[in-house]
Amino acid sequence: MLIVFPLGLLATSVIFDILYLITDRTGFQIAAAYAIAAGVIGGLFAALFGAIDWRAIPAGTRAKRVGAVHGLGNVVVVLLFAVSWLLRLGADNWEPSAGALILSFVGVILALFTAWLGGELVERLGIGVSANAAVDAPSSLSH
């Protein structure tokens, strides 16, 4: 559950940004800024527990490598959104600049990839859900 809320909040912020761009109605960009702030805080909290889980994965396994890419990718996602939030900070009504929007859009695209990797860890490799985890199972894309 620690992952669902930050991911949902960050994705929702992009939806609010798109709605703002389409409608130019004040409120959507403010909601996006608050969603980003909550998503970044939640993402940092989730990263702490993700790092603990990653340390428990046996070294030299595919799961350890996938977990490392997943975790580092999520750190980049949080950083992209954090910088997007900082760019909005000084603007009237949290108006997003083109740079802030690009960072958020890139962040959500990267989050789709890291979410898939997280699913691979849990569903394919059994990390965190199975005592008999298949830590070297092939990618779900290999079939």
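Which residue lies over the face of tryptophan 54? In this predicted model, lysine 64 takes that place, at 4.0 Å from the ring centre.

## Helix α4

Helix α4 covers residues 98-124, which makes 27 residues. From first C-alpha to last it reaches 38 Å, close to the 39 Å expected at 1.5 Å a residue. After the helix comes glycine 126, with a positive phi near 75°.

Several residues of α4 are buried, among them Ala100, Leu101, Ser104, Gly107 and Ala111. Further along, Thr114, Leu117, Gly118, Glu120 and Leu121 are also buried. The cover over the buried residues of α4 includes α1 (4-23), α2 (28-55) and α3 (62-89).

## Serine 13

Serine 13 is part of helix α1. Its relative accessibility is 0%, so serine 13 counts as buried. Apart from neighbours within four places in sequence, serine 13 is in contact with Ala32, Ala35, Ile36 and Phe81.

## Aromatic pairs

The count of aromatic pairs comes to five. One of them joins tyrosine 34 and tryptophan 94: the ring centres are 6.3 Å apart and the planes stand at 45°, so this pair is tilted. Tyrosine 34 belongs to helix α2 and tryptophan 94 to the loop between α3 and α4, so the pair links parts of the chain 60 residues apart.

Tryptophan 85 and tryptophan 94 also form a tilted pair, because their planes are at 40°, with ring centres 5.4 Å apart.

Methods. Residues numbered from 1 in each chain as written. Predicted model: local features only at pLDDT ≥ 70, side-chain atom pairs only at ≥ 80, totals over all residues. Heavy atoms only, no water. Helix = DSSP H or I, 4+ residues; strand = E, 2+ residues; numbered from the N terminus. Expected span 1.5 Å × (residues − 1). Buried < 20%, exposed > 50% of the residue type's maximum accessible area, 1.4 Å probe, protein only. Contact = heavy atoms within 4.5 Å. Phe/Tyr/Trp six-rings, centres within 6.5 Å; stacked < 30°, edge-to-face > 60°. Lys NZ or Arg CZ within 6 Å of the ring centre and 35° of its normal.
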